[in-house]
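Let's take a walk through this structure, one stop at a time. Have a look at the sequence and the model first, and then read on.

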Amino acid sequence: MESVLHVRGRSALSGQVTISGAKNAALVLMAGALLCPEPCRLRNVPNLLDVKRMGQIVRALGVKLDAHGDVLDIDATHIGQSQAPYELVSQLRASFFVIGPVLARLGIARVPLPGGCAIGARPVDLHVRGLQALGADVQIHHGVVRACVRGGRKRLRGAKIYLDYPSVGATETLMMAATLADGETTLDNAAQEPEVVDLANFCRAMGAKIQGAGTKTIRIVGVPRLHQADYRIVPDRIEAGTFLVAGAITQSEISMSPVIPDHLTAAIAKLRAMGSQVAMDSPNTLRVIPSPIEAADIETQPYPGFPTDMQAQFMALSTLSNGNSVITETVFENRLRHVAELQRMGADIRVKGNIAVVRGVPMLSGAPVVATDLRASAALVLAGLAADGKTVIQGLHHLDRGYENLTEKLCRLGADIERVMVPSSETATEAIESGQPSA
Ligand code: UD1
């Protein structure tokens, strides 16, 4: 059996939605807790498939985990294993990031290459070169990255590192590794994403000396040991952005909290350019007030630019605009796979390389579609909410990876969405009949 989503479009939404803790912060903070030889508590941890997988990896390293509600206790007093299992790492790219803290704690870490994924090849060369700069000997054999610190002290040493690209993951890996290194590390051209800042704040709560997170230059003065901390994860800016688009695309007023409006600056600016108003009702509450949708060009960029994780959702919105939009994906090389699915719903989109030209149409029509990656699945839900008739979405494991209770949250706002169990063969047959790959 497999579950599919039935979305009946054109219901008006209204009301207030609660935003969960940030997935990408939760994943890396779970890795960060491995730096600490005392128990740590994370709060506001979203209940997601990706978080469960990260938990399995942390457990596989011999670390104790205890989850109750949105609280996660991590006790990495002992890390019993320096090797992360391939079956788990291959399912979750973010799990590669454990290489930094495990290496810093044990002087050795072996983590399989995460491999490509639905949105691109996603190499780890920047992580590897940075760890080498910190004094690690890094070899890649048989698909496993083996990093170790030679010599008796087993401690990395601080270094000046320039990242060719402000990779979020590489910044996080190197920041974690440097917290326990001997001496000072400077990361130049670092990623400025709010999740990097959240990781830095968590590490500081554990006693790390980190300055400049959220700017292009991060300075870390290594300390010999961290101590326990109790830390609350920031709200998920991508989830909040998805609900802002839900309001705009269904022409509904939706309010959402808790959010950190500063984390959504680029998305809010784009939404305004596309006609909607966004009101800040309190310092942590946003409300979207819709208007007819205008076309606008979008180019994804590292933070504070427009996030690649919002590109698919905004493309869904632009399909219903009254004009032409040029959407350029610059962060990942293969992140326009939702275009084919939106076209099935009547969207007018042409693609050349990493550029999509969207010509707005007056209406989308419900169709069977397949979610190709996490944010693409959110875009299809949004398109389905606005479309005429019923949209049936397959591939829900993508949605479950990164959105906590999206269906329930939307239903509470008045959406007509239902999760339906169907035999796997049925979805495959439907997919073949409709010319879609079943994978
Ligand atoms: C993180 C987010 C993801 C988001 C992305 C960009 C997590 C768990 N995931 O992914 O949701 O879409 O940031 O905001 O936090 N690259 C290299 N070499 C490297 C590392 C990256 O070439 O060593 C390239 C990647 O292939 C990609 C680009 O850099 O084209 C950006 O990747 P990166 O910022 O590292 O993204 P992630 O940390 O994987």
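This is a predicted model: local features need pLDDT of at least 70, side-chain atom pairs count only at pLDDT 80 or more; totals for chains, interfaces and linings use all residues.

## A helix to start with

## Q313, tucked away

Next stop is Q313, which you'll find in helix α10, residues 311-318. Is Q313 buried or exposed? It's buried, because its relative accessibility is 0%.

What does Q313 touch, once you set aside residues up to four places away in sequence? The list is I238, T242, V245, R375, A378, A379, L382 and Y403.

## Around the ligand

Time for the ligand. It's surrounded by 20 residues, and the closest are D125, L126, S167, D309 and V331. Sorted by class, this shell has 9 nonpolar, 5 polar and 6 charged residues. Two helices, α5 (125-133) and α6 (168-179), each supply at least two residues of the shell, and the largest share, 3 residues, comes from α5.

Zoom in on the polar atoms. A ligand nitrogen sits 2.6 Å from an N or O atom in the side chain of D125. A ligand oxygen is 2.6 Å from an N or O atom in the side chain of D309, and an oxygen of the ligand is 3.3 Å from a polar backbone atom of P123. How much of the ligand does the protein bury? Taken alone, the ligand exposes 740 Å², and the protein buries 87% of that.

## More about α5

Back to α5, where L126, H127, V128, G130 and L131 are buried. A handy rule here: an α-helix has 3.6 residues a turn, so residues three or four places apart point the same way.

What do the buried residues of α5 pack against? Their partners are α4 (99-106), β7 (137-141), β8 (144-148), β9 (160-162) and α6. Just after α5, G135 takes a positive phi of about 100°.

## Two loop residues

Finally, a pair of loops. G183 sits in the loop between α6 and β10. It's partly exposed, because its relative accessible area is 30%, which falls between the 20% and 50% cut-offs. Leaving out neighbours within four places in sequence, G183 is in contact with G158, I220, V221 and G222. G183 and V223 are 40 residues apart along the chain, yet their C-alpha atoms are separated by 8.1 Å.

Q192 lies in the loop between β10 (184-188) and α7 (194-205). Why does Q192 count as buried? Its relative accessible area is 16%, and the cut-off is under 20%. Beyond its neighbours within four places in sequence, Q192 is in contact with V197, G214, T215, K216, Y303 and P304.

Methods
Residues are numbered from 1 along each chain as its sequence is written. Side-chain values use heavy atoms; hydrogens and water are left out. Helices (H or I, at least four residues) and strands (E, at least two) are DSSP runs, numbered from the N terminus. Buried means under 20% relative accessible area, exposed over 50%, partly exposed in between (1.4 Å probe, protein chains only). Contact means heavy atoms within 4.5 Å. A residue is near a molecule or strand if one of its heavy atoms lies within 4 Å of it. A polar contact is a pair of N or O atoms within 3.5 Å; within protein, one must be able to donate a hydrogen and the other to accept it, and residues adjacent in sequence count only if both atoms are side-chain atoms. Accessible areas come from the Shrake-Rupley method with a 1.4 Å probe; for residues, only the protein chains shown count as cover. Ala, Val, Leu, Ile, Met, Phe, Trp, Tyr, Cys and Pro count as nonpolar, Asp, Glu, Lys and Arg as charged, and the others, Gly among them, as polar.
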